[in-house]
Structures are given as structure tokens and as C-alpha cells.
Amino acid sequence: MKNILLTAVCVLAIGFHCGWVAAQDEASETKSKSVEPSKLVAADPDADSEASSDDKKPAPAEIVPMTIGSPAPALDIAHWIQDGEGRYPKVTEFEPEKVYVVEFWATWCGPCIRSMPHIVELQESYADRGVQVVSITRENLETVDTFLDREAQPPVAQHTEADAEEASNEKSDSETDEEAEPYTYRDLTSAYCLTSDPDGSTNRDYMTAARQNGIPCAFIVGKDAKIEWIGHPMRIDEPLEQVVSDTWDREAYKTEFDAAQESTVTLRKLSSLLRKGDYEAAIEAIDEYIADGKSEAAKERFKSIKLNLLFTRISAAEAEAGQYVEQWFNDGTLKGTSLNQVAWTVYEMTKKGRLTNDKPLKIALDACLTEVNESEEKNAYLMDTLAHIQHQLGDLSEAIETQQAAVSAATPDQKTKLGVFLKQLEEEMAESTPDKEAAN
């Protein structure tokens, strides 16, 4: 049980809920769209890459909390390994009217490595517009050097037909066809500043201060040397362009960022409570956030975790879970994918016997029917959920009609998945028809 609940909390951290749409695979489809560019690799903020004697190291300075609009701390980096082949100076203080991207990475971090070609592209695109990228790892110099000598895939260059013809002619005119040297990560990262800071001081000044515990993570330092944006480097393009062109709304983003940080604090508290098995306190923490939290999206996610807690922690919570479902459906906030996910959870809990009365399922049925009838664009997965609920409530003919509509509205990839349940329903109808005729 504890593993189920902890999974629910971990899923929240990347924007999903657990336990929904198992038959439909809507959740897996959402994951394929959302997790890959935004999933962060967990880092240990207290672990140094380089072994050292703690009693010889001075106590670290007090960490100054960081948010959007905070002054960017000066950089005190031990090793500058790459400098854009001499184009970019070592940075300590940030120059006025220049924009910097301070990015944190590690050699063991797959998403960090996959982000490198994009960082190269950013640096080259903005080189003449006053932007400098500084990429920092807390690993030691030997570890980084070993990684940089590994073979890498060169960035895909865009060539015209004329370029291709010229390259072909050059090759045919050459007297020898020597084997090309392998392309390494050292070659790839030569376009920007790549550094190593084994004492972790820069990591503490930025990552720890901003409560970021996953990499890759990038910070945009604006023209006034203040933090403009924090996030995954694969999502940096639009904010970076706006910062460079002076159209960035820092205050609006600060509101959004602070709300996300607040929900993250609650998430960590919730995870700790669940590890201890203190489910009552976990629900209390969720209720506090739902009452006072700033992010409406996070509130919906926390409501979903609460629902899973009520369904799975103790059987005595069934009545409370049913009341909670009824209240949630009736408050008008559930729409689209969120409605589908919660309705599917109610269906599964009913089918598994964790809800022993049909009232919550009938409420979910009415909500799904309303959404399907009022929506101009038919949602195949929502109709699939509705068909499952109708079937669970014993209305086979309605379930078949709804599932036929779901398959009709589905994309080619969805049709195969949804068609399995339709076939099951039709076979069930065929098996029951002779019995009815015999009874007549």
C-alpha cells in the first residue's frame, strides 16, 4: 500500500496522477508528450563529486534563498574546461546589458547529455546578441575529462543541395580518403563554456538556494544581473528570446514560479508523511494546500492524491471517499482530462470492490455524459471511460453505442486500443442474445 501511495506522490512531481486509464493508456500517451522534455534527474544536493576532508573545509556560508528577480550570485568556478574556443571570457561578476545562461549538469545525467546539442545551438544562435552560456558540474576534473573524450553524435547540420554537391566534388578530387577522427563530447561542447566546480559552492548558491533538486537545470541571468527564469534547458527558448529582446514579463513569471515552488514544498512534506505512514497528516497537508495554495493546477493534482489516499489507506474511508468524489464532481472544476482521470479512478475502485455502493459511479456517469454531450470536439478516451462505467452499471447496449462512438472519434493509434473493449462488449452481447431468445 505504501508503495502505491508514494508512487502517486512521485507522479505528481512531474505533473501526472496515478491509477488512471489503465485500459485506455491515456496516461501513457500524456507521459510520452510531457515527461521527456520536462523530466528532471534527481541530484543529491549534499554529495560532493570529489572526496575531501570535512574538518579541513571551512563551514559554508549561509545560503541566501533565491527566486525570480533575485540578484544572481557571483560565479566562483574552479575549472574552466571549455571557453567557446577562446570566444568567451571566464565569468565572475555579470556584465550589465549581457544575458547569461547558467546551466547545471553531470556526466551521469542522460537528459543533461541529450540537452547538449540544444545548448550548442543556443550559444551559436545568440553569440552576436550578448548571450553567454556557462555550464557547470560539481564533478571533479578527471571525471569530466574522461567523459569529454567519449565519442558523441555530431549535431545534424542543415545543408542545401549545392552544399551536398560541393562536398561530393571535394571528396572525389581528394587523392586520399583518410578515416575521419571520431567526434567527441569535447568537440560538441567546444561551442560554449563548460566548467567543473567540485567544491559545490556554485551549486549551493544557485540550485540549493532556488530549491532545485534535479538536473539539467538552467538559470537565465538578465541584463540587470538578476534571475529571470529557472527551468529545464529544453524549455528555455521562448523565455530567453523574450529576455534578450526586452519583452519578458519577469513579475508575471515570478508569480507562476513562486506558486510552483510552494506546491513543491507541500509535495516534499507529503512524501515525508507517507513514508512514515501518517496518512491522516498527509490528508491534512493536502487540505491545507487546497484551501490556501496559489496554483490551481497543483490543487487539482493534490485532490487526486487525496482521492487515492481515501481509496487505499483504510477500508473505513469508503464513505468519506464517496462524499469527496460527489463534492468534487459537483463543484464544477473537473473538465476534460482531469474529469476523465477521476471518473476512471472511481470506475476502477468500484470494479475492485473498494467502493461498495454505486452512487459515486453514477455521479461520475452523469458528469461524463454532460461533458461528452456539451463538448464540440469528441474525446475518444472520455467516451471510453463512459462506456466502461455504463458497462459496470449493467447497461450493455448503451456501453456498446458509446464505445462505437469512441472508436469512430479515435485517431488511428487509439482505434486499436479502444477497439479491444468494443470487441469484448459485442461478444458479451452476442453471448447473451441466444439466452434471451430461449427465455422468450
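1. Start with helix 10, where the buried residues are Tyr279, Ala282, Ile283, Ala285, Ile286 and Tyr289. Here buried means under 20% relative accessible area, exposed over 50%, and partly exposed in between, with a 1.4 Å probe and protein chains only.

2. A quick word on the model: it is predicted, local features need pLDDT of at least 70, side-chain atom pairs count only at pLDDT 80 or more, and totals for chains, interfaces and linings use all residues. Residues are numbered from 1 along each chain as its sequence is written, and side-chain values use heavy atoms, leaving out hydrogens and water.

3. Now the rings: the structure holds 11 aromatic pairs. Rings of Phe, Tyr and Trp (its six-membered ring) pair if their centres lie within 6.5 Å; planes under 30 degrees apart are stacked, over 60 edge-to-face, and the rest tilted. Phe104 and Phe219 have ring centres 5.8 Å apart and planes at 80°, so this pair is edge-to-face. It links distant parts of the chain, with Phe104 in strand 3 (residues 99-104) and Phe219 in strand 7 (residues 217-221), 115 residues apart. Helices (H or I, at least four residues) and strands (E, at least two) are DSSP runs, numbered from the N terminus.

4. Both Phe104 and Phe219 are buried. Trp248 and Tyr253 make a tilted pair, because their ring centres are 5.3 Å apart and their planes at 50°. Tyr253 counts as buried at 11% relative accessibility.
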